[in-house]
There are 2 protein chains.
Amino acid sequence: MKIVTLGTGGAIPTPVRNLPATAVQRGAEIFLFDCGEGTQLQFLKAGLSPGKLKAVFISHLHGDHIVGLPGLLMTLNHLSRKHSLSVFGPPGISDYIQQTCKCLQFTPGYELIVEESSGGRIHSGSDYRVDAVPVDHTVFTLAYVFEENERPGRFLLEQARQLGVPEGPLYGELQAGKDITLSDGRAVRATEVLGKLRRGRKVVYAVDTCPCQQVVDISTGADLLIHDGMFSDQLREEARLKGHSTVVQAAEIAQKAKVEELLLTHISPRYRDQDALLQKEAMAIFPHSTVAKDLMKFEIPVHK
Amino acid sequence: MKIVTLGTGGAIPTPVRNLPATAVQRGAEIFLFDCGEGTQLQFLKAGLSPGKLKAVFISHLHGDHIVGLPGLLMTLNHLSRKHSLSVFGPPGISDYIQQTCKCLQFTPGYELIVEESSGGRIHSGSDYRVDAVPVDHTVFTLAYVFEENERPGRFLLEQARQLGVPEGPLYGELQAGKDITLSDGRAVRATEVLGKLRRGRKVVYAVDTCPCQQVVDISTGADLLIHDGMFSDQLREEARLKGHSTVVQAAEIAQKAKVEELLLTHISPRYRDQDALLQKEAMAIFPHSTVAKDLMKFEIPVHK
C-alpha cells in the first residue's frame, strides 16, 4: 500500500502545493481522497495510472476539495475508460456532478456511480472496507477510514505435518482459513495450523476538520493518520474560526489515538518556506509527524 | 500589450501543456480568454496579478475550456476582491456558473457579472472593444476579436507653429482631436496639425474551430491570430471530425487574412516532442507562425 500526496495545500494553490488530493494505491487499484483543481495533472506527475482509479472519496463540498473532479471524469472519458467508477461524498455531491455534466453536456461513456453518505460503512471490497465519519468543519464534512480486513495467520508447517495433513491442496484450504477432514476421518481445524490473525493496514483521512474526538476514536491503531494541519499553533484562533486545526492540535490527536505516523496536510498558502517550523511544532508533541509536500510517497508495509 | 499563453494544450493536460487559457495584459488590466483547469495556478506562475483581471471570455462550454473558472472565482474571493468581474460566454454559461455556485455554496463577495452572447459587440472600454463571432466547432463556439480604437495621429509641431497656435494648453486640445479657435478669431482644425490616425492593436482568439471563412473575415489586419492548431496536417480528417484545425489549415487562414503573426495553440496531448514538426508544417505556408508553449510572452508594440 502506497500513499501519494497529490495536493497538500488548501484554499488557494501555490507553485509548490496543489489543492487537496491524496491517492492510496493498493495493488492494482487506486483510491482517491478529495480532488482539488489540478488533481488529474498531479496524477500524471506522480506516475499514477488514471485507469487504475477505483473510487473517489470527497470530504466536503468546498471548492478546493472538489473542483478537480469534473476534469478528471472527462479525462477518463478521453482515455476511453469502460469500467465503472464510484464517487462517494456528502449529501449534495450528486447534484453537483449532475448539474456540471448537464451544463457542460458531458455524458461519460463508463458507468459513473455517485453515492451520498452521512456516515457509516460506505464501500467495501473483498478484503477491505471504507467507513465515513462526520467531523467538525464549517460545513458537513466526512473523514474516511480505509482499512484492510484481517488476514489469516501464518501457516504453521510443522503443526500441519504433526497433525498428519498430507502436502497438497489441503494445505491451501487450511491456509485460507477452512477446516478440513482428512481421508482417515479426522477433522483438522484451520486455527490449529495457523498463527494468530494478521491485522490489516489502516489509513485515516481527516481533512478539513477542527480537532475532535471522533477522529481520535476512528484513528486508534491507524498506520497513518492524514490530518488537517493548516496553521502553525500561533494561529490557533484563526484555525478555530475557519474550521481547521493547527499542526500541534493534529499532533495531539495523533498522540491520543496512538497512530503509527501522522501526515499533516492542507497547509495554508501563507507558509512558503516554513515547513521546518511547522514540523518542529508538531514533532514536539508527536515525533512521528511529517508536514506533507506534494508528490511524497509513503509505503505502508503489510503487517506480519 | 502583452499576450501570455497560460495553457496551450487541449482535451487533456500534460506536464508541459495546461488546458486552454490565454491572457492579454494591457496596461493595468488583464483579459482572460478561456479558463481550463489549472488556469489560476498558471496565472501565478506567469507572474500575473489576479487582482488585475478585468474580464473573462469563454469560447464554448467544453470542459477543457471552462472548468478552471470556478476555482479562479473562488480564489479571487479568498484574495478579498472587491471590484466587479465580468464573464462573457455562449448561451448556457450563466446556468453553469449559477449551478456551480449553488451546489458548492459559493457566494462571491464581489460583483460577478455574467453575460451570454450569440455574437456581436459584447464589451467595450474607453479605448478598446471586444466582438464575438460564432465559428465552426462541434458545439456553439465564439471567437473573440479584441481591438483597440484608433488613436489620433502624431502632433505636427511645425504645422501648429506655422498656423500661429501659441504653445500651451491649445496644443493639448488639438492633440486630443479637438478643433480650436485662436484669440484672433481664426479657426484651426485638429486634422490640420495631426498626422494620420494611428491604428489600434488587434488580437483574434479562435479556439476551438475548424478552418472557416468567418475567422478570415475577422482577422484581417490583426497583429496576432491565436488559432486552433490541434493536429499535424497528417490528421486532417481527425481534425475535421473533432471540429479542430491542423496547423497547416490555421496557417492558410493566417495567410488569407494577412495577419502579422500566427500563434498555434490547443495542441493535442499526443504531440510530446514534435513542436518542430508542427512548426515546420505551419511555416511552409505562413512563415510568421509559432507553435505555442505554456508561459510564452508576446509583446505587441503600439502602432506609430
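Helices (H or I, at least four residues) and strands (E, at least two) are DSSP runs, numbered from the N terminus. Axes are lines fitted to C-alpha atoms, for helices over the stretch in contact, and angles run from 0 to 180 degrees between N-to-C directions.

This is a predicted model, in which local features need pLDDT of at least 70 and side-chain atom pairs count only at pLDDT 80 or more, while totals for chains, interfaces and linings use all residues. Residues are numbered from 1 along each chain as its sequence is written, chains are lettered from A and ligands numbered from 1 in the order in which they are written, and side-chain values use heavy atoms, with hydrogens and water left out.

**Symmetry**

Two copies of a chain are related by a rotation about an axis and a shift along it.

**The interface**

Contact means heavy atoms within 4.5 Å. The contact between the chains takes 34 residues from chain B and 34 residues from chain A. Of the interface residues of chain B, 100% are also interface residues in chain A, so the copies meet through the same surface.

The area buried between chain B and chain A is about 2600 Å². Carbon and sulfur atoms give 68% of that area. In chain B, the residues that lose the most area to chain A are B:Glu37, B:Cys103 and B:Leu104. Together they account for 22% of what that side buries. Buried area is the accessible area (1.4 Å probe) that two parts lose on being put together, summed over both.

**Helix packing**

Two packed helices are described by the angle between their axes and the distance between the axes.

| Helix pair | Angle | Axis distance |
|---|---|---|
| Helix 3 (93-103) of chain A, helix 3 (93-103) of chain B | about 175 degrees | 10 Å |
| Helix 9 (247-257) of chain A, helix 10 (275-285) of chain A | about 30 degrees | 8 Å |
| Helix 9 (247-257) of chain B, helix 10 (275-285) of chain B | about 30 degrees | 8 Å |

Angles under 35 degrees count as roughly parallel, over 145 as roughly antiparallel, 65 to 115 as roughly perpendicular and the rest as oblique.

The helix 3 pair packs at about 175 degrees. Helix 3 of chain A is therefore roughly antiparallel to helix 3 of chain B. Chain A contributes A:Asp95, A:Tyr96, A:Gln99, A:Thr100, A:Lys102 and A:Cys103 to this contact. Chain B contributes B:Asp95, B:Tyr96, B:Gln99, B:Thr100, B:Lys102 and B:Cys103. By class, the contact has four nonpolar, four polar and four charged residues. Ala, Val, Leu, Ile, Met, Phe, Trp, Tyr, Cys and Pro count as nonpolar, Asp, Glu, Lys and Arg as charged, and the others, Gly among them, as polar.

Within chain A, helix 9 and helix 10 are roughly parallel to each other. Helix 9 brings A:Val247, A:Val248, A:Ala251, A:Glu252 and A:Gln255 to the contact. Helix 10 brings A:Leu278, A:Glu281, A:Ala282 and A:Ile285. This contact of helix 9 with helix 10 in chain A has six nonpolar, one polar and two charged residues.

In chain B, helix 9 and helix 10 pack at about 30 degrees. Helix 9 of chain B is thus roughly parallel to helix 10 of chain B.

**Backbone details**

The peptide bond from A:Val207 to A:Asp208 is cis, with omega near -5 degrees. A:Asp208 sits in the loop between strand 12 (202-206) and helix 7 (213-219) of chain A. In chain B, the bond from B:Val207 to B:Asp208 is cis, with omega near -5 degrees.

A:Ala11 has phi near 70 degrees, a positive value in a residue other than glycine. A:Ala11 lies in the loop between strand 1 (2-7) and strand 2 (21-26) of chain A.
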